Amino acid sequence: MTVDEDQALIKKALRGNRRAFEELMRKYERKIFSFVVRMVRNEETAVDLTQDFFLKIYTVLDKYNFEYKFSTWAYRICYNLVIDHIRRHQAQVESLDDESVSPRDMLESENVNRDDGFRALARRETRDYVWSVVDQIPLKFRELILLRYIQELKYEEIAEITALPVGTVKNRIFKAKEILKKEMDKDGLLS
Amino acid sequence: MACFPEETILAYVEGETGAIETARVRDHLLLCPSCRQSAERYRRLEQALARPIISEPPERLLPQVLNRLYPALPRITSIAAMIAASLVFLITWIYIYFDFSGSSLVQALRLAGDDASGSLAGAIKAISTVYHGAQAVQKAGAALLRILLSAPLGAALAAVILLAVSGLLATFLLRPWLKKARLPRP
């Protein structure tokens, strides 16, 4: 489905066409849910937040500017919703603005190496293992990896959504990959 | 040639380097096993990340959103069926309660059957036969109702039915307006 098709659906939805809005939701449902569930790491919360996202989209649809890509606009709303939730409900959230990889970040990623049944199973395939490690890395890195690879966004789009400079986005994604690469190296998965 | 920073190697793997830098990194990788190995690791990592594991949302997710956005209203067909059923019930009850079998219309039908000939007479006789059967049932019903229902109770019942029919008609006629009023406008 192209961007124009998204916009055609939005125009129909704005005229009260239920099917058009349903189609729009179906198109984004899996990617939005995957992003949210990996951000909050709780399925029930992810369901609630994904539903809140679609309700929000519906109520602000008339504010959408047709000069921009709908997906970027929608992902920004989703991102803000999730970040707000995390800030309100998760006690220990590391600073999202901090550039450095702190000892605590690395400690968190060190924990990834502790074996459990799930990870032993996931290790059978590099892809599964990489994504299980993504789930464990600090939020400030994880969110960018998710936007880049689940939402398939360009660096510039990620910068627009997260309100971070493009350079920061690139730098954090690089650091995230460094963490992932180290974890993979420890297990000999990339060698 | 000095090794490239890891960041540049990653950018090369991602295809984010410019043409000149891409050529320089490529040349370097041919000569440097360490950087080549690093690039290969990033490539594998990139391949794994490029195939994200998409979580399947539960089936209830979208229907619940739709129910909140578009609250279920009675379908037109069900409204029509309820109105028709109410009307049939109301007419039947009035007919039975006031015993219209002796009305001039019914008498005229009987006389027309006596005077007619051929297939028309057959049709009228068939209708009359069915009618007489229905009349017998009706009389039994009327007798039962007279026992069960006093006149005030019957009037109350008629009022309730009329009220129900009016309510259904109002819902049907106001349906588009109700739908708009309940929704947050996009």
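Modeller: Before we look at Lys154(A), a quick word on terms: a residue is buried if 20 or more other C-beta atoms lie within 10 Å of its own, exposed if 12 or fewer, and partly exposed in between, with C-beta atoms placed from the backbone.

Colleague: OK. So is Lys154(A) exposed, partly exposed or buried?

Modeller: Lys154(A) counts as partly exposed, because there are 13 C-beta neighbours inside 10 Å. One caution: this is a predicted model, where local features need pLDDT of at least 70 and side-chain atom pairs count only at pLDDT 80 or more, while totals for chains, interfaces and linings use all residues. Residues are numbered from 1 along each chain as its sequence is written, and chains are lettered from A and ligands numbered from 1 in the order in which they are written.

Colleague: Where in chain A is Lys154(A)?

Modeller: In the loop that runs between helix H8 (139-149) and helix H9 (155-162) of chain A. Helices here are DSSP runs of H or I with at least four residues, strands are E runs of at least two, and both are numbered from the N terminus.

Colleague: And how many residues separate Lys154(A) from Val166(A) in sequence?

Modeller: Lys154(A) and Val166(A) sit 12 residues apart in sequence, and their C-alpha atoms are 9.9 Å apart in space.

Colleague: Let's zoom out. How many helices and strands does chain A have?

Modeller: Chain A has 10 helices and 0 strands, giving the pattern α-α-α-α-α-α-α-α-α-α along the sequence. Chain B comes to 8 helices and 0 strands, and from the N terminus its elements read α-α-α-α-α-α-α-α.

Colleague: What share of each chain is buried?

Modeller: In chain A, 38% of the 191 residues are buried. For chain B, the buried share is 11% of 186 residues.

Colleague: How many residues of chain B touch chain A?

Modeller: 27 residues of chain B, and they meet 34 residues of chain A. On the chain B side, helix H1 (6-14), helix H3 (33-49) and helix H4 (61-69) are the elements that give two or more residues. H4(B) supplies the largest share, 7 residues.

Colleague: Which classes of residue are on that chain B side?

Modeller: There are 19 nonpolar, 2 polar and 6 charged residues. For these classes, Ala, Val, Leu, Ile, Met, Phe, Trp, Tyr, Cys and Pro are nonpolar, Asp, Glu, Lys and Arg are charged, and the others, Gly among them, are polar.

Colleague: Which residues of H7(A) meet H3(B)?

Modeller: Thr126(A), Arg127(A) and Val130(A) do, and their partners in H3(B) are Arg44(B), Leu45(B), Ala48(B) and Leu49(B).

Colleague: Last topic: which residues touch the most others in the largest nonpolar core?

Modeller: Val36(A), Val130(A), Ile145(A) and Ile9(B), out of 62 residues in that core. Helix H2 (residues 18-40) of chain A gives the most to this core, 10 residues. A nonpolar core is a set of buried Ala, Val, Leu, Ile, Met, Phe, Trp, Tyr and Cys residues joined through C-beta atoms within 7 Å.

Colleague: What does Ile145(A) contact, beyond its neighbours within four places in sequence?

Modeller: Val134(A), Ile173(A) and Ala176(A), plus Leu49(B) from the other chain.

Key. Contact = placed C-beta atoms within 7 Å.
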